[in-house]
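Q: Please take a close look at the helix packing here. Go through the packed pairs one by one, then turn to the domains.

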Amino acid sequence: MPVAVDSERGFFRAAHRRLSEALSAQQVDEFAALGSDEQRFQWLWDQRLAHETPCSFTELGKDLEQAKQFKDDGNKAFQKEDYATAVRLYTKSILHMPVDSGDLSVVHANRSAALYHRGQYHLALQDIEQALELGYPKHLLYKVYDRQARCLLALKQHLSAKDTFQRTISALDDSPLTLERRRKWQMDVQIMVSMFTKFKDIRDEPLSPAQIGQPKAPPAPGRLLRGPHPRQRAHGRGLVSAALRFHEALDEEVGRHVTTDDDVKAGDLLLTERPAVAVLLQERALTHCFECFRRLRAPVACPRCSAVLFCSAACRTQAERTHHAVECSVLPLLWASGASITCLMALRAIAQLPKGAAPPASVMSLVTHTARRQTEDLLHRAHMAVFLARCLQAAGHAGEGDEVLRTGGRLLTLLQLLQFNVHEVSELELKVPPPRGYDSATSNFVGAALYPTLALFNHSCDPGVVRYFNGTTVVVHAARGLRAGQPVCENYGFCYSNRPRQERLDALQRQYWFRCCCQACEEDWPLLRDMENDTGVMRFRCDPGGASTARCSNVIIVPTDTTNFMVQCSACKQHTNILKGLKALQDTDSMLKIAQSLLSEGNLTDALDRFLKILSLLEDTLVPPFKDYTLCQDKIRMCMVALGEDVIVSGTS
């Protein structure tokens, strides 16, 4: 769901209070009369008091002594065959080890040995590549080549293993081993090489997801309903279904929104989108990749700071090419300021672009509600924009004069639009391993991202879509059937089944400045726990049948103890045979048991298929809200999220 923007800790809050108290009423009126974000920023930039936030940049740099201590402790754990602890300690050493110390390559090699003993061969190979790139000592190369070959062999990369074993033989010539030990090692390796000559077809086998260190491979999200949209392409960051229609603001209540041109079935793929900007939570910086948000297993470090880690050299390179080269020196100050994650996103939206470049129109045109803001709200955000601009200046990415004023104006606009358009990025955590853990799974907030196309979807407390994440990429499927012309809505974290109506209305008004008018709110649908009680009635769809009779949208209320199976609709005056519907409901009872059994066994794909079929049957017969419908939707969401995201089991490494 979207996330809030206000800072609640750190030095900035107190600094802004001092600024607010120091400004005169006349100055506040001057600020309030300004007509653009760049003017607001310039006015405050010219106030000396606005610059009285700390701006001394102390990097979370490297610490050779600490790194060596972690390395020694890792060696001790390795000798005790406590390889999991050794991996953790070597990782801490890598985080703090200066690049030019000469020891960094050794620590990567040591960690590769611990990973090899844990059977994590692909991760061990990644560490060996790092050790070699960092200039691993020539006289010790035989060790890492030998380990590299054995990892490749375990992964059935036979051709690569054969070549690497041959490199091991050559590297032994430079080893400090005694002549006797060297010859014995060479002979053992030569025997391995000779084994390959017995096979006519030596090749590398395809690697499975488990072999390359992934807990599971998320399935392809499927084909877009009606194929890609001819014009709307997720702004170059993904694909949008051609079944969707995007509307510009029609009135103050609806604003921009999305409808569907076709009938949509639950499960249909509607959108995939990579973020325009995404930022990891500070508290996840040493447990998740700072670039792609995936849980770390054998990370690599930034060459300059000890603030963040990356899952691979590729992610580190990507971060260096975009945002981290700018942010590296200022991250400690940003974190110490108490700036919220959306404030950091505003800075990154600028930092990841070439110096002086503006974020794309797809971002800057999102709703800001500037005209509805109080003067103090704009002043607070303008003050944060001044602080962020100073950080960018210190990192050499904001310039002086007109250049910093343009940057500051953009920062102020971003700080407003991010308030309403940012989404949480999450991972699924199980308290116990699957399949039993799915029933008690929780969703962990790991970061936040801006998806300009997804941001155009309005809210409903009975959402029409479900979304999940592959890294930072969001995937959106239909969560229920929709008729052509209906709005396609997502959920901002306030669902009718688990939060009372007034609580939802108050929270949405407070956080997003609108009054929810979705069907669940207008009709005050009951909570799931209240659906347990027998209401004594069933809500059937009007379905007179016959090719010449159009199906009307009326709801037929039928007592549960009725003996009349032909019920007249009060709207169209046609009769509906509810016996057919009752038979369908009996069928769904048995189907639900089978689907739940498949989920309990961990067969997510088949369980999802069953739940989707059940939901379709329920939608054809009854009108929500009712218990089985709500439970079925919840199970569909669980299956999709579990299939799409990394599943983390508590307490595992």
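A: A word on handedness comes first. A crossing is called left-handed if the near helix is turned anticlockwise from the far one by less than a right angle, and right-handed if it is turned clockwise. Note also that this model is predicted.

Start with α6 and α7. Helix α6 covers residues 104–117, and helix α7 covers residues 121–133. Their axes lie 8 Å apart, at an angle of about 165°. Angles over 145 degrees count as roughly antiparallel. α6 and α7 are therefore roughly antiparallel to each other. They cross in the left-handed sense. On the α6 side, the contact uses S105, H108, A109, R111, S112, L115 and Y116. On the α7 side, it uses Y121, L123, A124, D127, I128, Q130 and A131. By type, this contact has 8 nonpolar, 4 polar and 2 charged residues.

Next come α14 and α17. Helix α14 spans residues 341–351, and helix α17 spans residues 401–421. The packing angle is about 135°, with the axes 9 Å apart. The two helices are therefore oblique to each other. Their crossing is right-handed. α14 contributes T342, C343, M345, A346, L347, A349 and I350 to the contact. α17 contributes T407, R410, L411, L414, L415 and L418.

The last pair is α20 and α22. Helix α20 runs over residues 578–600, and helix α22 over residues 627–644. Their axes are 12 Å apart and meet at an angle of about 25°. That makes α20 roughly parallel to α22. The crossing is left-handed. From α20, D589, L592, Q596 and L599 take part. They meet D628, K635 and C639 of α22. This contact divides into 3 nonpolar, 1 polar and 3 charged residues.

Now the domains. The chain is divided into three: domain 1 (11–57 + 277–419), domain 2 (64–96 + 98–211) and domain 3 (535–627). The C-alpha centres of domain 1 and domain 2 are 42 Å apart. In their contact, 14 residues of domain 1 face 13 residues of domain 2. The size of an interface is often given as the accessible area lost when the parts come together. For domain 1 and domain 2, the buried area is about 930 Å². Carbon and sulfur atoms account for 65% of that area.

Methods: Residues are numbered from 1 along each chain as its sequence is written. This is a predicted model: local features need pLDDT of at least 70, side-chain atom pairs count only at pLDDT 80 or more; totals for chains, interfaces and linings use all residues. Side-chain values use heavy atoms; hydrogens and water are left out. Axes are lines fitted to C-alpha atoms, for helices over the stretch in contact, and angles run from 0 to 180 degrees between N-to-C directions. Helices (H or I, at least four residues) and strands (E, at least two) are DSSP runs, numbered from the N terminus. Angles under 35 degrees count as roughly parallel, over 145 as roughly antiparallel, 65 to 115 as roughly perpendicular and the rest as oblique. Contact means heavy atoms within 4.5 Å. Domain bounds come from an automatic or database domain assignment. Buried area is the accessible area (1.4 Å probe) that two parts lose on being put together, summed over both. Ala, Val, Leu, Ile, Met, Phe, Trp, Tyr, Cys and Pro count as nonpolar, Asp, Glu, Lys and Arg as charged, and the others, Gly among them, as polar.
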